[in-house]
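This briefing is for a reader who is new to the structure. Please look over the sequence and the model first, then read the points below.

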Amino acid sequence: MIFTEHRFAAFFAVVFLVHWALRGRESRKVFLLAASYGFYAASDWRFLSLILVSTLGDFIAARGISASQDVRVRRLWLLGSLALNLGLLGVFKYYGFFVDSASDVLSWLGFGVSLPVLQVGLPLGISFYSFQTMSYTLDVHARRMEPTRRLLDMALFVGFFPQLVAGPIVRAREFLPQLARTPRWADVPVKPLLWLFLVGFFKKACVSDNISVLVDAYFLDPALHTSASALLALLVFAFQIYCDFSGYSDMAIACAGLLGYVLPQNFDFPFLASNSSQFWNRWHMTLTRWLHDYVFSALGGKLRDTWRRYFNLMVTMALVGLWHGAAWHFVLWGLLQGVGTIVYRTWHKAKVTVRLPRILRLGFGTAVTFSWFVLGSVFFRSDNMDVAWSIVGRILGVIEAGPESFGLAPWLVMGGLALVHIGFYRLRPERTMAALSDGSFYVVLGVLAACCLAFTRADVRPFIYFKF
Amino acid sequence: MNDQGEKSVSAMADVSPGNTPLGTFRNGLVFLLTLVACTLLLGRVLPPAGDRITAIKTAGLGQHLSDCNLLVLGSSASFHGVNPAVFDAVTAEQGLVTHTYNMAMPGTCLAENYHILERIAGEPPADLRWILVEAETVMRVRNSGYFLTAKNIAWHDASTTRLTIPYIAGLELAPLMEWKSHWRSGVSLTYNLLGVGRGLPWVESSLGLGVTDEESARWIGPARNGFRPVSIEPDHWDLKSREFFLKNPGHFGHRMRLLVQERVPVGEPSMTALPYFRRIVDLASSMGARVIFYTLQGSYVGREVVAMAKAGQVDSLVRLDDKRRYPELFDVEYSYDGTHFTEEGAAVLSRYLANAFVQDERELRR
């Protein structure tokens, strides 16, 4: 079920009305949990049991960790939790990747071994909820929080439908305290949330879904198109994935907020970051935060030894890539992002002085950072390494490109979108909207919603991050 | 509340929301009324609704405005079944010169074909004299991507919506399917009302994805005059239908027996769709053209339609759903998937249709 389709509108209307009609905190939570499982089942009922296993397993593990003061016992419970979650990921998401890679290595070494293949689908949202539950047991183990004694709260933390299938990745210590309180409708900031939902809807339904047609047309047969069209397709894809994912996050945050719960921000205008390091603090912020806190820091974090620090960064970014997809081209994509960050940090550390006005320096940094992301996305979007390298070859002129061009118009459209994006950043229309009276706000909202619907496709396109 | 959570809406959080149920209801009402009013206004500004194939065929017709004198409107059965080259050859043999353009489109029925005709009326072929319209009153496609009138979702305007409401209310379906069909109809209505997707033609042309000559030629011509044999680049659903058809020949035979016995399958259309017959006739008259309705072996032709024809409420109704007169049209050898004809079947259909048309024209002149 996608946030932009009619089924979700009906689902959320019912959930919203019943949730606020119920008086008791516990009854609301039970209802929300049932609704969340129903939401998941509507998309993929087969793997609902995995969510239950992950929830129950980590609930028990956290209680086990907390009940003991013995370091070894605590560590065993933690390892059990990690084994469960990473095991689920390993089987359902990465098994094929590991088997294929192992087969390639063995073949290269001269051993023609046929390894068993597992034909199993990718459970929706597994990369998100498994990371969420692992953070819970990791925080309990690190004594950053006490485990919850209520299985209902744990289940709702894991299965809350706005963030269940594509984030934001929520921390237990941010969300569980909210479940201990009873939300009040009078306290819900309705106008900001409705505005946020509309912005997210616009990004996903009006921008991402429509421009994806051009990207799909290019990647259907890259050899047909000119080098300029290749660059255009990558540029459009960058906007597509940003609008798709940030739009989803906006709608998820808005839906949760309208039910009285706060989810963390996940995007903060990453395309306007002036360096790679800043970019990754603004793109998929909850994933970056997760990997920073539980991987980068565990590896030693920002050590004095520069090379060790850079090694830790590259490992983390490789995992970012691997998280997105079980294939080497995703890993390469992650590593390229890591290279960008290392180049920036080296440059910054060298304190190279460039005699330019600040705005130009920032502008140059933003352009370079954005371009690096766009060019690197060829490895993200392509189906495999061969396709990706062939596109790179055409862009560089090493491989002959085709004759078909999308023309000038799409470039102008992308320029317009960029201006709108910058306008949102600089002008902060959400503040203007918040200042309007109720009547004016809802009239403006109605007008904008009608305009959005006119540019919404009736054929529903799934969120890109549902694949992860 | 945590810092991250507050940051998400802190930029614009209300100082004191103080929401009340009555206030919320009032605000919701203001929003909905504005939404509907704005949608109706936008409907006058935005381009006519339609999908890719509509754009391709309309562009194709634009290349035949000076010579076309006969249009064919209908569903995919006609899109893949009426071959203008064969049709024109048969009529020419009998002394009637026709230049046919096949304007039929997949997933359309009478309501949608009326809207296609409305657009054509804006710039009709100069010498238009006849319009052959497939009397497919309701497209009953249960594919998840379609609703009851399959292209209903694309043809959004107030008049379509207004006529769809009584149709939905009078829907006669098996009880098991009823709730699902009513839900889909309701969604379709809502999409109509809210003008979903009306601006997409602008989007496609701005992205350089408008109809190209190459695409038009690949799909419908130029030599084929709008006709497309179903075997040319069949899509996923065409192939699935074909596969099912080949594996279940008995299913086709059963449907044909039902139709021959005039036992219409479950889902007989209500009288609501029938006013479109009159509307099409009146619109065609305003363009100086005569309408001949025709039925195919797969049409869900109700007794009401036949009664209307007998009562003279439609000018002409040619019934090709008669197994005794047109046996090949019920033959599995000429069928691609039980609904559409193969290229050989299309040639047979086109000959029959042309002959029936010539006969009808002669009777009129008498």
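**Briefing: parts of chains A and B**

F293(B) stands opposite L317(B) in strand β5(B). The model is predicted: local features need pLDDT of at least 70, side-chain atom pairs count only at pLDDT 80 or more, and totals for chains, interfaces and linings use all residues. Residues are numbered from 1 along each chain as its sequence is written, chains are lettered from A and ligands numbered from 1 in the order in which they are written, and side-chain values use heavy atoms, with hydrogens and water left out.

- Helices (H or I, at least four residues) and strands (E, at least two) are DSSP runs, numbered from the N terminus.
- β4(B) covers residues 290-295, and six of its six residues are buried; buried means under 20% relative accessible area, exposed over 50%, and partly exposed in between (1.4 Å probe, protein chains only).
- R290(B), I292(B) and Y294(B) point one way from β4(B), while V291(B), F293(B) and T295(B) point the other way.
- β3(B), residues 130-134, pairs with β4(B) in the parallel sense over five bridges; two strands pair if DSSP finds at least two bridges between them.
- V133(B) has F293(B) as its bridge partner in β4(B).
- β5(B), residues 317-319, also pairs with β4(B) in the parallel sense, over three bridges.

**Chain B as a whole**

- Chain B has 15 helices and five strands.
- Of its 366 residues, 53% count as buried.
- Among contacts in chain B with a separation of 6 or more, 82% are between residues 24 or more positions apart; contact means heavy atoms within 4.5 Å.

**Helix α5 of chain B**

- α5(B) spans residues 84-93, and its buried residues include P84(B), V86(B), F87(B), D88(B), V90(B) and T91(B).
- The buried residues of α5(B) pack against β1 (70-73), β2 (100-102), β3 and α15 (343-365) of chain B.
- At the start of α5(B), a side-chain oxygen of N83(B) comes to within 3.0 Å of the backbone nitrogen of A85(B).
- G95(B) follows α5(B) and has a positive phi, near 85°.

**Helix α9 of chain A**

- α9(A), residues 190-220, has 31 residues and reaches 43 Å from its first C-alpha to its last, close to the 45 Å expected at 1.5 Å a residue; the expected span is 1.5 Å times one less than the number of residues.
- A kink of about 35° in α9(A) is centred on S208(A); the bend at a residue is the angle between axes fitted to the seven residues ending there and the seven starting there.
- Because 25 of its 31 residues are buried, α9(A) is largely enclosed by the rest of the structure.

- D250(A) is found in helix α10(A), residues 227-258, and is buried, with a relative accessible area of 13%.
- Not counting residues up to four places away in sequence, D250(A) touches L196(A), V199(A), G200(A) and K203(A).
- N312(A) lies in helix α13(A), residues 306-324, and is buried, with a relative accessible area of 0%.
- A polar atom of the side chain of N312(A) lies 3.3 Å from the backbone oxygen of L299(A).
- N312(A) and F380(A) are 68 residues apart in sequence and 22 Å apart in space, C-alpha to C-alpha.

Technical notes
A polar contact is a pair of N or O atoms within 3.5 Å; within protein, one must be able to donate a hydrogen and the other to accept it, and residues adjacent in sequence count only if both atoms are side-chain atoms.
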